[in-house]
Each structure stands twice: as structure tokens, then as C-alpha cells.
Amino acid sequence: MAFAAGLISSCTTLETSDIRLNQIQVIGTHNSYHLRAPESLRVLLTRREPEEAKGLDYEHPPLSEQLSLGIRQLELDCFADPEGGRFAKPRGVEWISRAGLSPIPNPDPQGRLRRPGFKVMHVQDIDYFSSVPTLLEGLRQIRDWSAKNPRHVPIFILLELKESTPNAEFTPALPFGEQELAAMETEILAVFPREKILTPDDIRGQERSLPNALQKHGWPLLDSVRGKVMFGMDNTGAVRDLYLKNHPALESRLLFVSVPPTSPAAAWMKENDPVEGFERIRKLVRAGFLVRTRADADTIESRKNDRYRCDRAKDSGAQLISTDYPRPNPAFSPYSVQFDHRVVARPNPVNSGNLGHVDFDK
């Protein structure tokens, strides 16, 4: 499959004004809201699940600071809380008290967790400290930064819709049904006007499917979509399928979803392992799709200062490269994920031609 407008041969030299959205690479963060849990919670988790505790020992600066550092893909994990207060009294507070550990600070002194709406955290009760306790707050921070920097390349916002409850000890998470999916889109549109969001409808146009549109027209020119945001759903399986119900090509939907390339909804997809999935990613990128992958996971690469996975992620051509280390953790190693010359958005090594060290975010 060769795309007339969306795919450019790697031997072709482009003018920078001709670059398309799928012909750049940017760096993102994984669980972008995540704050390291206080010591008592980390001790408790280490006693229960030592390897998991090691993998959670990272944190990110505020979203606006990440964007100012050059991050252009953010990830927010969302729990449904339509009545408010479901996660306002984390059970971890009681657990550390019973264990004789030091009290921990109140994660929500302003009472935001008591209000209705989607809550942003990693795992309820045990790993719940977040720089943005609510989805609305996270979206507003992104919107406000974007308004001050209107020439930025599109910011891709990945939403993971959390339904899991680790075991019966934990506060039960609510499932995402049609009502919750509609409420999620309502919250997005309460912050971002429709014209600031690059949606599947914008890409599909009058075509029957997203792959048909990409084959005929390609992704938009980068200069035509600056200052916008895009949304993707991290979930696969039942929640994604429900989101696609009656919207097989994502008609009227705000989020892109990760599906096989033959699906009428295929435009963006995730391949989290750039080592095992290296050739799949390159094939998808050459076929005109956007791909998100991860340069590191579970603090493993940072602890070893191991750059192999990061280098494979860059070389794969995946447009969105997610990391827990846009800056190094000096307690572990010098490991961090950046492009040469600290550019924010560089030419894609698989499909952009020979453009050198251009920074497309400027």
C-alpha cells in the first residue's frame, strides 16, 4: 500500500513546508501525571509486591513543565466517578496505619476528589498520587499551555480508561459503559473547542474509512494543524469495541483507537515494545499510520542506563516515543530520552527524507 500524499520515500528530500503530521517524531511521557508515592506507601507496596514497587519508583513534573521541556505526547489514566467521592478516602491510609508506618499527606486538600467527574491516578488506594487529580484539571493545564504556545506541533493525549480493581481490598473501579464514554467526550469538549481537536472525522473527510482517506490524501500538512490536540484511547478489547459500536470508522468520535490496519478505524495504533515489534512498527509507518511506542518501562532501562530499547524506538519510525525519563533520575543513572540537539519534533527517520536536524516545533 503506497500513499500518494501520506508516504514520502526515504530517499526524497522535502521542503520543510511540505512535511506532514506522520513525518515527524516527538517524545512523550508514560503516565504523565504520576507522582512518586510517599515513603510509607512505597514501603507497604515493597512488602507486598517488591518488583512492582521498583517499577513504580518514578515521577513526572507538572504537565505544563513537561510541555515546556518539549514533550508532545501525554498520557492520563482515568477512573469513572460520576457521583464524586469514590476515591476521596484512599484505603492505603488505613493500611499504613495498621502496619505502624508514618502517616502520609492528604493528596487532595482542596476536595477535588469529592466532586463528580473522571479521576486521574495509576492504581486506586496504593499508587494514587497525581499532579492532576481530575481529567478536567489535566486538560485545562494542557489547553492553557497551548494557548500560550500556538505554533506547537499537535499534542497527542492518550487516555487509558481504568476499570480494574486489584483485589477485594481495594476500592472497586466502575466499568466504562456508553454513558461513561459519552461523559468523557463531554469533559473533553468542556475544555477544548471542537476546532482545536484533530479528530478522526478531520482525517477521514468524505471517505468511507480512515485507511481509505490516508491512502488517497495522507495526513494533513503539519503547518495546517499546529496548535491542536489529538486524543487516543489506550484500551483495546471491550471498551474500545464499545467506543466503536455504531461508529465503525470513528464517525463523530473524538478519540483515535488502536486497531488492526485493516479496520475502517485504523489511523493510529500502539506497539509498546519497539524491540520485539521493530519491523511491525516500520511497516506501519511506511504504510502511513501513526504509531506510539515506549522507550523504557518499569524503571528497568534507567536503573541500568540501557539505551538499546530507546534507540530501537527512535529507529523504528514510531512518531510518538513515550518515556518515564525526559530528564534523568540521578539516583539511577544518566539515562534520559531526548533527540540530538534537543529538538522537540524531528524528521521521521523512516518516511521524511534527508532533512537533518530540523526542529518542526519551531
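Visitor: Where is Thr299 found?
Guide: Thr299 lies in the loop between strand S8 (290-294) and helix H11 (300-304). Keep in mind that this is a predicted model.

Visitor: Why does Thr299 count as buried?
Guide: Buried means under 20% relative accessible area. Thr299 has 2% relative accessibility, so Thr299 counts as buried.

Visitor: Which value does phi take in Asn246?
Guide: Phi of Asn246 is also positive, near 65°, and again the residue is not glycine. Asn246 sits in the loop between helix H9 (238-244) and strand S6 (255-257).

Visitor: And how do you know whether Asn246 is buried or exposed?
Guide: Exposed means over 50% relative accessible area. With 65% relative accessibility, Asn246 is over that cut-off and therefore counts as exposed.

Visitor: What makes Glu51 exposed?
Guide: The cut-off for exposed is over 50%. Glu51 has 59% relative accessibility, so Glu51 counts as exposed. Glu51 belongs to helix H2 (residues 50-55).

Visitor: How many residues apart in sequence are Glu51 and Asp298?
Guide: They are 247 residues apart in sequence, while their C-alpha atoms are 9.0 Å apart in space.

Visitor: Why is Pro103 called exposed?
Guide: Its relative accessible area is 78%, which is over the 50% cut-off, so Pro103 is exposed. You will find Pro103 in the loop between helix H4 (92-98) and strand S3 (119-120).

Visitor: What about Arg342, buried or exposed?
Guide: Arg342 has a relative accessible area of 62%; that is over 50%, so Arg342 is exposed. Arg342 is in the loop between strand S9 (320-323) and strand S10 (345-347). From Arg342 to His357 the C-alpha distance is 9.5 Å, and the two are 15 residues apart in sequence.

Visitor: Let us turn to a pair of helices. Where do the axes of H5 and H6 come within 9 Å, and at what angle do they cross?
Guide: Helix H5 covers residues 135-148 and helix H6 covers residues 178-191; their axes come within 9 Å and cross at roughly 35°. The crossing is right-handed.

Visitor: Which residues make the contact?
Guide: On H5 they are Leu135, Leu136, Leu139, Arg140 and Arg143, and on H6 they are Glu187, Ile188 and Val191. By class, that contact has five nonpolar and three charged residues, with no polar ones.

Visitor: Now the whole chain: how many helices and strands are there?
Guide: The chain has 12 helices and 10 strands.

Visitor: Why is the chain called as compact as a globular protein of its length?
Guide: The globule rule gives 21 Å for 362 residues, and the radius of gyration of the chain is 20 Å, close to that value, so the chain is as compact as a globular protein of that length. Along its principal axes, the C-alpha trace spans about 65 × 45 × 40 Å.

Visitor: How many of the 362 residues count as buried, as a percentage?
Guide: In the chain, 58% of the 362 residues count as buried. The chain exposes about 15300 Å², and carbon and sulfur atoms supply 49% of that area.

Terms used:
Residues are numbered from 1 along each chain as its sequence is written. This is a predicted model: local features need pLDDT of at least 70, side-chain atom pairs count only at pLDDT 80 or more; totals for chains, interfaces and linings use all residues. Side-chain values use heavy atoms; hydrogens and water are left out. Axes are lines fitted to C-alpha atoms, for helices over the stretch in contact, and angles run from 0 to 180 degrees between N-to-C directions. Helices (H or I, at least four residues) and strands (E, at least two) are DSSP runs, numbered from the N terminus. A crossing is left-handed if the near helix is turned anticlockwise from the far one by less than a right angle, and right-handed if clockwise. Contact means heavy atoms within 4.5 Å. Ala, Val, Leu, Ile, Met, Phe, Trp, Tyr, Cys and Pro count as nonpolar, Asp, Glu, Lys and Arg as charged, and the others, Gly among them, as polar. The radius of gyration is taken over C-alpha atoms; the globule rule is 2.2 Å times the number of residues to the power 0.38. Buried means under 20% relative accessible area, exposed over 50%, partly exposed in between (1.4 Å probe, protein chains only). Accessible areas come from the Shrake-Rupley method with a 1.4 Å probe; for residues, only the protein chains shown count as cover.
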